[in-house]
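Dear colleague,

Please find below the sequence and the structure that I am handing over to you. My notes on it follow directly after.

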Amino acid sequence: MIADTHTPHPRYLFVDRDHSIYVSDESNHRVMKWMEGAKQGIIVTGGQGSGNSLTQLSNPYGVFVDHSGNVYVADGSNHRIVRWCRGATQGEVIVGGHGPGNKSNELNIPFGLLLDREGNIYLSEHNNHRVQKFNIQKR
């Protein structure tokens, strides 16, 4: 486990159907999970310092966990949405990741995100002042 290098800076949270709480920790570039009754959280995504590899995050914001246990993160400073499939050791970019931009396939500091039952992702962007909808392939 990587030691905290900065004071935790929680941004967004998500509670799954098992009552586990997921929290995006912006300054430590990770998402933490606390299972119901736990005294300590575990790192579920990121935690490898700030960066843009598929094992890293840079200022994560929105977080969502689907019914299969896949974790979706609005990776703010990397201008992308990353999905960690249940049990995966690295994520996959599902939207953005081409640097900041304002075209329909580009993001500029994605903030909040939500998935619906039809496989659509809704996401708000800080610098583009918009909400976008994307259809993603479920796994």
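A salt bridge is here a side-chain nitrogen of Lys or Arg within 4 Å of a carboxyl oxygen of Asp or Glu. By that criterion, the structure, which is a predicted model, holds 5 salt bridges.

Three of these pairs are described here. Asp25 is bridged to Arg30, with 3.0 Å between the closest N and O atoms. Residues count as buried under 20% relative accessible area. Asp25 has a relative accessibility of 4% and therefore counts as buried; Arg30, at 6%, is likewise classed as buried. Arg80 and Asp75 are joined through their side chains in a salt bridge with an N to O distance of 2.7 Å, and both Arg80 and Asp75 are buried. In the pair formed by Arg130 and Glu125, the closest N and O atoms are 2.4 Å apart. Glu125 has a relative accessible area of 4% and so is buried.

The strands around the Asp25 pair deserve a description of their own. Strand β2 comprises residues 21-25 and pairs with β3 in the antiparallel sense, over 5 bridges. Within this pairing, Val23 has Met32 of β3 as its bridge partner. The two strands, β2 and β3, form a hairpin with 4 residues between them. His29, in the turn, has a positive phi of about 55°.

Strand β3 also pairs with β4, again in the antiparallel sense, here over 4 bridges. Val31 stands opposite Thr45 of β4 in this arrangement. Of the 5 residues of β3 (residues 30-34), 4 are buried, so the strand is largely enclosed by the rest of the structure.

Strand β4 leads on to the largest pocket. Together with β1 (10-15) and β5 (60-65), β4 (42-46) is among the strands that each supply at least two residues of the lining of the largest pocket. The space in this pocket amounts to about 550 Å³. Its lining consists of 28 residues, and those lying nearest the centre are Val65, Asp66, Ser68, Gly69 and Asn70. What is the division of the lining into nonpolar, polar and charged residues? The lining of the largest pocket has 11 nonpolar, 7 polar and 10 charged residues.

With kind regards

How values were computed:
Residues are numbered from 1 along each chain as its sequence is written. This is a predicted model: local features need pLDDT of at least 70, side-chain atom pairs count only at pLDDT 80 or more; totals for chains, interfaces and linings use all residues. Side-chain values use heavy atoms; hydrogens and water are left out. Buried means under 20% relative accessible area, exposed over 50%, partly exposed in between (1.4 Å probe, protein chains only). On a 1 Å grid over the protein atoms alone, a cavity is a set of points where a 1.4 Å probe fits but cannot get out, and a pocket is an open set with protein on both sides within 12 Å along at least five of seven lines; lining residues have an atom within 4 Å of a point. Grid points are joined across faces, edges and corners, and a volume is the space filled by probe spheres set on the points. Ala, Val, Leu, Ile, Met, Phe, Trp, Tyr, Cys and Pro count as nonpolar, Asp, Glu, Lys and Arg as charged, and the others, Gly among them, as polar. Two strands pair if DSSP finds at least two bridges between them.
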